[in-house]
Structures are given as C-alpha cells and as structure tokens.
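Please consider the arrangement of the two chains shown here.

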Amino acid sequence: MVGPSQNGRDAPADDAARERTIIVAGRSSLRTREVLNALAGFRNVIWPTSLESTLAETGAVTAGCLVIADDLREEPIDDLLVEARELQRNLPIFVITDSDDVAEAVSAMRHGATAVIELPRSYSTLRDEVSRAMQ
Amino acid sequence: MKDLPSTVFVVDDDDAVRNSLKLLLKSAGIAAESAASAQEFLSTYDSSQPGCLVLDVRMPGMSGLEMQHELNVRGAIIPVIFISGHGDIPMAVEAMQHGAFDFLQKPFRDQDLLDRVQRALARDAENRTRLRLTDRIRERLSTLSPREREVLQLVTQGKANKMVAGDLGVSQRTVEIHRAHVMQKMEAGSLAELVRMMMTVAQ
C-alpha cells in the first residue's frame, strides 16, 4: 500500500488515484490467467495467491475493484460474495465465468456481484467495467 | 393505515402463459391480475397497491426491461420477477443491476415461481412498512421550528446541552426547553430513540 508521502510533494488526489487497485482472484487458475490477459495494460493489478488472502486484500484496498474469475458451475460463489461484501461494501465485484448458466449468474448478482461477465465472450465488457471502476 | 391485500401482477403477451400463471397463483391462494402488454399495465398501475410483478422480458411494443426502467423513473418500489424464454447472462445482469428482485428462465417449475413470488411479496411488505415509518418520522420533523431542528441536529450528534448552547449562542435553559419540545414533537422517549429515527430517515 502507499504510505504517507515522505517529501510532501504528492497531492492527496494523486495518492487516492494510486491506491485504486484491481484485485484479481479465482478458484480456477486458467480463468485467472485469462482475466489477467484481458486486463493487460491496466496499472495496479494484483493477484493474491489464494482466495483467503484475496479477502484480506479487499479489506485493505479502499478503491478499485475485485475481479473473481470462477467456474460457477463447479461450486456456487454466493458465500464468498457475501463474505467479500461484508469486508468491502463499496468495491465493485465482477464475477468472471465461462458458464452460460443464467440462474447461477442471477444468484451471484443477488449475493452482491456488481456484474457477471462471460469470458471469452465479453472481453470488452470486462475492460469497460474495470475502466469505470478505476475512474 | 392497513395495506390493501397483496396482488401479483402478471405481464406477458402470451395468453396461455398469462392464464396458466394466474391459475397457478390463485390455486396457491395468491390474488393475481394480468395485463397483455407493458402499456396496458402501466396505464392502470397504482403504486400504492402492494404486491409484486411477474414480467416477461420480451414483448412486442415496450419490452419488460423498458417497463422496469419506466417503473424506476416513476419511483415504484414493487419487486419485479422477470421471466424469460431466451435469457442470457448479459440480459439477466442488466435486469438485476436495475433492481430486479429475480430473473427466472422458462421453463421453470411451478414451485420455483411460487417460492420466488412469496419472497417478493415478503420483501414488498417489509419495504412498505419501512417507508411508512420513514413518512411518519418526516411528518413529525416537518412540525419542528428551524431552531428546534438545529437543536435536534446537535443533540443527535451527541452534544450535551451546554455545548449546544455554546454552538447556538443561547442559554442552556433555552436549549433544554427546545430539546423538550423536540422530544415531544418527535414522540421520542429517549435520545437513543431520536438518534434511531434520524438514522432511519437518513437511509
């Protein structure tokens, strides 16, 4: 994280901008890599090693977004979303899936996802959503 | 004031779907009405009527999503359950982002729809109770004088009478009198209750 400025030159607005962070996490490493590829070019992308450490990170990050790459069909993501929402009320949470299961997507939305995005179908949607979250 | 009984409004252009859903809901003891188009529903809809909507996404003329948008513009709080024959994730996500209560793909099991309808009706009842409470508190707030409102604001920030007196440049005795009036007009039994009321209307 960005600490207090040592030389006092940084304006507070710069600090805030720098702290905007994209946290990428997932239960599927293949999907996670795909998301990281889609987000090539974005600054401040971090990808913690486990979902547990991701939730710890979302507590520390105050601006930006959380991108969870997942295969919804394997195991519902609902509990994880509820947990992430408790830690972070304001961070947008994007759930990335390659499943086209509408019921699972609706359930994820009900449990706190900001959007559910299908990859590889919607690369541009992901980039658009993340850009908006980083503004 | 007691609410009218809850009604489920089915909006779908398909006669067969409309009739079978109405039958299903009535067999479960739930009052149901229907409309064959978004325009037909909107022209007669009274937002004080509690209930929920079962809304087809694709209809000729105004679509279900457009009708949801129109309801949002009108500030309607009725929960919307979308039903869709050919739903995809982007469509479902859009509906949910705009506040849909649920999104169900056809064909669905009767029980699945009934469960969701029951949950939506419970949510609507909760929302209406909360809104009524908020309205009551706002009504009481509107009876306060400007000075009483200032005192209310300061005491609910946790300030003691002495500090309030200092802030407003009046005597402590005057603050006490204003404060008593505030408690009386707001029908609050304690400072904690007053703070809760202010949090309710702030939400």
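Predicted model: local features only at pLDDT ≥ 70, side-chain atom pairs only at ≥ 80, totals over all residues.

On the side of α7(B), the contact is made by Asn161(B), Lys162(B), Val164(B) and Ala165(B). The residues that meet them from α8(B) are Gln172(B), Val175(B), Glu176(B) and Arg179(B). Classified by type, this contact of α7(B) with α8(B) comprises 3 nonpolar, 2 polar and 3 charged residues.

Both helices also take part in covering α6(B). Within α6(B), which spans residues 146–156, Val151(B), Leu152(B), Leu154(B) and Val155(B) are buried. The cover over these buried residues includes α7 (161–168), α8 (172–186) and α9 (191–202) of chain B. After α6(B) comes Gly158(B), which has a positive phi, near 95°.

The nonpolar cores can be considered next. The largest nonpolar core has 68 residues, and those with the most contacts inside it are Val67(A), Val116(A), Ile81(B) and Phe82(B). Apart from that core lies another, of 8 residues, including Leu152(B), Leu154(B), Val175(B) and Val182(B). Of these, Leu152(B) and Leu154(B) belong to the buried residues of α6(B), while Val175(B) is one of the α8(B) residues in contact with α7(B).

What does Val116(A) contact when its neighbours within four places in sequence are left aside? In chain A, Val116(A) is in contact with Val95(A), Thr97(A), Ala105(A), Ala108(A) and Met109(A), and in chain B with Ile89(B) and Val93(B).

Between the chains, 9 residues of chain A are in contact with 10 residues of chain B. On the side of chain A that touches chain B, the elements giving two or more residues are α5 (102–110) and β5 (115–118) of chain A. The largest share of that side, 5 residues, comes from α5(A). By class, the residues of chain A on this side divide into 7 nonpolar, no polar and 2 charged.

Strand β1(B), residues 7–11, is mostly covered, with 4 of its 5 residues buried. This strand is joined by 5 bridges to β2(B), residues 31–35, and the two run parallel. In one of the pairings, Val8(B) has Ala32(B) of β2(B) as its bridge partner.

Technical notes: Residues numbered from 1 in each chain as written. Chains lettered and ligands numbered in written order. Buried ≥ 20, exposed ≤ 12 C-beta atoms within 10 Å, placed from the backbone. Contact = placed C-beta atoms within 7 Å. Core = buried A, V, L, I, M, F, W, Y, C linked by C-beta atoms within 7 Å. Nonpolar A, V, L, I, M, F, W, Y, C, P; charged D, E, K, R; others polar. Pairing = 2+ DSSP bridges.
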